[in-house]
Amino acid sequence: MIREALEKKLVTAIAELISAGSLPETARTVRIEVDAPKNPDHGDLMTNFAMVGSKTLGMNPRAVAEILAGELGSDTEVFASVEIAGPGFLNFRLNPAWVAGFVASVLERGVSYSHLTPDQVEKINVEFVSVNPNGPITIGSGRGAAYGSALCNVLEAAGHEVHREYYINDGVNSEQMRLFAESVKALLNGQAVPDNGYKGDYVQEVANGLEHLKGAELATIQKASQDAMIEAQRTALEHFRVNFATWFSEQSLHDAGEVARVIGELESKHVADESPFRTKIETAKGGVIKSVTKEDQAVTNTDDEDASGEGEQATLWLRSTKFGDDQDRVLRRRDGRLTYIASDVAYHKDKFNRPAGGTKLITVLGPDHHGYIGRLTAVVAAMFIDQATPVDDPTPLTEHEEILFGNVEERNRCRGAQAWAKDHLTVQIFQIVRFMKDGKPAPMRKRDGNIYALIDLIKEIGEEMRPNGTEEEKLQAGSDVARFFYLMRNHDTAMDFDLELATKQSDENPVFYVQYAHARICSVIRKGAESGLAASTAHLGLLDHAKETTLILKIAELRDEIAQTASDYAVNRLANYALELARSYHSFYDTCRVNQPENPELSSARLALCEATRTALHSVLGLLGVSAPQEM
RNA sequence: GCGCUCGUAGCUCAGCGGAUAGAGCACCAGCUUGCGGAGCUGGGGGUCGGAGGUUCGAAUCCUCUCGAGCGCGCCA
């Protein structure tokens with residue numbers, strides 16, 4: 001916010017200097033960046049404009065810096081000093097009174113302080129969690145749940161329209177779901193579950209709830225047991241503060257005939273066919289194509305279970321290699337059943353309807369799915385090939401391309417479609433979480449088939465944190481800690497989740513450090529009210545202590561952090577920001593006494609600063625899905 | 001073999017083109033006749049895995065290399 005203001009000042013100053021003839025016209029094109037210096041001795045904020053621009057301006061950086069410093073330095077309302085340092089840095093020391101003025105605008109905006117207005121509003125569908133309905137939400141999926149939900153909050157705060165979606169993998173043809181149903185059925189009939197079946201206690205629980213279906217058809221049991229599982233997942237996720245606007249059933253696409261219809265569409269677009277070969281692309285290091293081969297279709301695979309008993313027919317191939325995938329994918333099996341990827345085509349088309357007129361899809365996937373990015377991109381490219389603008393490349397087909405494409409025109413259309421897909425679909429992969437106990441990794445899947453469920457993690461932590469709390473308080477405490485821990489680390493790197501630290505005494509716990517700051521602010525404000533003191537913006541100019549200025553600058557950063565996070569999806573930045581903001585407050589609190597009845601003007605200004613901090617803290621915690629307690 | 005991700009303080013991790021690389025934990029030394037000490041202040045501790053390159057400037061970008069994790073089904 002303060003940064004935005006300074007960037008505007010720079011733009012104005014540069015325009016003045018151009019019309020005065022001190023800077024060439026090209027100065028307008030130089031990118032302007034204002035940042036906080038790492039070293040506080042270098043001032044409150046700084047810009048590298050002179051160094052970045054020196055080349056295009058044809059001037060040496062220090063000369064540019066001097067001209068700019070002269071122009072800006074005259075604005076004594078804003079700047080206490082403008083210094084040139086090093087190779088051409090421009091270091092700004094801001095006038096504390098000017099900085100303090102921003103407290104008023106935070107208070108004016110209140111909760112909307114964290115709401116941004118983007119240059120362009122995107123309509124984004126975010127799909128996350130989406131695990132099979134054959135078990136509880138695990139602690140592994142917990143990371144995706146925390147990440148996806150926080151990402152949605154941030155995108156919304158950044159001003160975009162967001163649709164939260166869960167894709168239920170409930171295709172009746174799914175091997176895994178059938179196996180799950182068979183396991184439940186076996187338990188219902190008092191038989192042993194199949195060798196490769198599901199053996200956890202939760203399977204027995206599902207069976208217990210379905211006593212009335214004893215002796216029923218497998219299909220009936222399959223439907224009922226997956227519904228039970230979905231309900232359990234939904235409840236667990238709600239406790240974890242994860243909610244979806246849509247729970248989308250894969251099977252519903254089959255039932256509506258959408259999958260079949262879309263497959264027909266692909267065939268008529270000549271991106272899917274029944275020719276009996278699979279194309280494979282082998283790449284050498286650096287992604288250069290080493291070879292493209294058409295493999296004759298192998299018919300020797302005997303592992304297939306021919307569940308439908310419909311006998312053999314031609315395999316239907318999606319020619320995904322035309323869109324950068326490393327091999328063609330099967331849409332319809334030899335036995336006539338459609339594959340998972342076939343529903344994916346229909347599904348990705350459908351997703352653009354939520355929100356209406358969707359402009360972007362984000363899919364959050366687990367660490368075992370990064371091989372899936374190329375496939376998904378190809379799916380979207382194939383589906384929307386008519387929407388995309390072909391690339392303009394007149395060069396003839398290479399030797400490799402001749403195997404993939406019929407002619408130059410087709411290649412250019414496919415390349416265009418691939419670019420379109422990359423533009424409209426973003427896949428975010430989160431990496432694995434290792435849960436550490438006694439310094440050793442704790443198994444997520446136990447030998448007896450039991451799974452470490454997210455809800456158990458939440459309850460364990462809650463029990464430890466609030467042994468005397470209500471059920472509701474325990475769930476909240478557990479969820480707060482778990483969410484913050486998941487979100488502290490960059491989702492794209494493997495992390496260790498220290499179960500002892502999370503469940504142990506609270507004083508080592510970063511979550512509580514932040515929540516404590518919020519509770520402390522609330523307490524200070526309460527205390528002030530008891531002495532007849534209240535926040536006011538009438539004397540903000542009194543906030544000139546270094547700790548006060550630092551805190552205000554930190555509060556002002558929130559909007560920048562949100563904007564940045566909405567564009568690079570690195571939600572962990574906000575968890576770190578929350579810690580920094582809390583630290584700035586604690587440090588301020590320690591030095592600057594807020595409530596001083598003998599000095600009501602300073603008190604009112606500091607209370608205003610407390611209010612502004614509370615607003616910012618409350619906002620970040622809200623984005624992270626962590627509660628901001630008034631007392632603890 | 002190919003692809004993705006990661007190697008930063010004793011440990012867990014930030015930083016991802018800027019000036020002397022940061023925080024928490026652990027360790028050491030301090031702060032309270034006052035608003036919540038679940039707090040604050042200070043200190044020690046690093047050839048940012050290694051080697052080249054790009055440029056005014058690299059932990060950050062590129063190439064190679066070593067090491068770790070994961071992924072490459074007519075499973076989902």
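The second largest pocket of this predicted model has a volume of about 1000 Å³. A pocket is found on a 1 Å grid over the protein atoms alone, as an open set of points with protein on both sides within 12 Å along at least five of seven lines; a cavity is a set of points where a 1.4 Å probe fits but cannot get out, and lining residues have an atom within 4 Å of a point. Grid points are joined across faces, edges and corners, and a volume is the space filled by probe spheres set on the points.

The lining of the second largest pocket consists of 36 residues, and Ala-36, Asp-44, Leu-553, Lys-554 and Glu-557 lie nearest the centre. By class, 14 of the lining residues are nonpolar, nine are polar and 13 are charged. In this division Ala, Val, Leu, Ile, Met, Phe, Trp, Tyr, Cys and Pro count as nonpolar, Asp, Glu, Lys and Arg as charged, and the others, Gly among them, as polar. At least two lining residues come from each of α1 (2-19), β4 (89-94), α19 (546-568) and α20 (572-591). The greatest contribution is that of α19, with 13 residues. Helices (H or I, at least four residues) and strands (E, at least two) are DSSP runs, numbered from the N terminus.

The pocket also involves two domains, since its lining draws at least three residues from each of domain 1 (2-94) and domain 4 (510-624). Besides these, chain A contains domain 2 (253-353 + 368-429) and domain 3 (433-443 + 456-497); the bounds come from an automatic or database domain assignment. The centres of domain 2 and domain 4, taken over C-alpha atoms, are separated by 53 Å.

Residues are numbered from 1 along each chain as its sequence is written, while chains are lettered from A and ligands numbered from 1 in the order in which they are written. In this predicted model local features need pLDDT of at least 70, side-chain atom pairs count only at pLDDT 80 or more, and totals for chains, interfaces and linings use all residues, while side-chain values use heavy atoms, with hydrogens and water left out.

Chain A as a whole has 21 helices and 17 strands. Its C-alpha atoms fill a box of roughly 90 × 70 × 45 Å along the principal axes. Of its 632 residues, 52% count as buried, where buried means under 20% relative accessible area, exposed over 50%, and partly exposed in between (1.4 Å probe, protein chains only). Among the contacts in chain A with a separation of 6 or more, 71% are between residues 24 or more positions apart; contact means heavy atoms within 4.5 Å.

In soluble globular proteins, nonpolar side chains tend to be buried together. A nonpolar core is here a set of buried Ala, Val, Leu, Ile, Met, Phe, Trp, Tyr and Cys residues joined through side-chain atoms within 4.5 Å. The largest such core has 135 residues, of which Leu-94, Leu-457, Tyr-486 and Phe-497 touch the most other members. Helix α21 (residues 600-624) provides the largest share of this core, twelve residues. A second, separate core of 45 residues includes Val-271, Leu-338, Leu-376 and Cys-414.

Tyr-486 deserves a further look. Not counting residues up to four places away in sequence, Tyr-486 touches several residues, among them Ile-139, Arg-143, Leu-457 and Phe-497. Tyr-486 also lines the largest cavity, together with Arg-143, Tyr-147, Leu-487, Arg-489, His-491, Val-571 and Asn-572. Two or more of these lining residues come from each of α5 (139-157) and α16 (471-488). The volume of the largest cavity is about 50 Å³, and its lining has four nonpolar, two polar and two charged residues.

The structure holds two cavities of 30 Å³ or more. The second largest cavity, with a volume of about 30 Å³, is lined by Phe-102, Val-103, Val-106, Tyr-113, Ile-552, Ile-555 and Ala-556. Its lining has seven nonpolar residues, with no polar and no charged ones. At least two of the residues are supplied by each of α4 (96-109) and α19.

Two individual residues complete the tour. Thr-138 is found in the loop between β5 (123-127) and α5, and counts as buried because its relative accessibility is 16%. Leaving aside neighbours within four places in sequence, Thr-138 is in contact with Ile-451, Tyr-452, Ala-453 and Leu-454. Glu-410 lies in helix α14 (residues 408-424), and at 16% relative accessibility Glu-410 counts as buried. With the neighbours within four places in sequence left aside, Glu-410 is in contact with Lys-322 and Phe-405.
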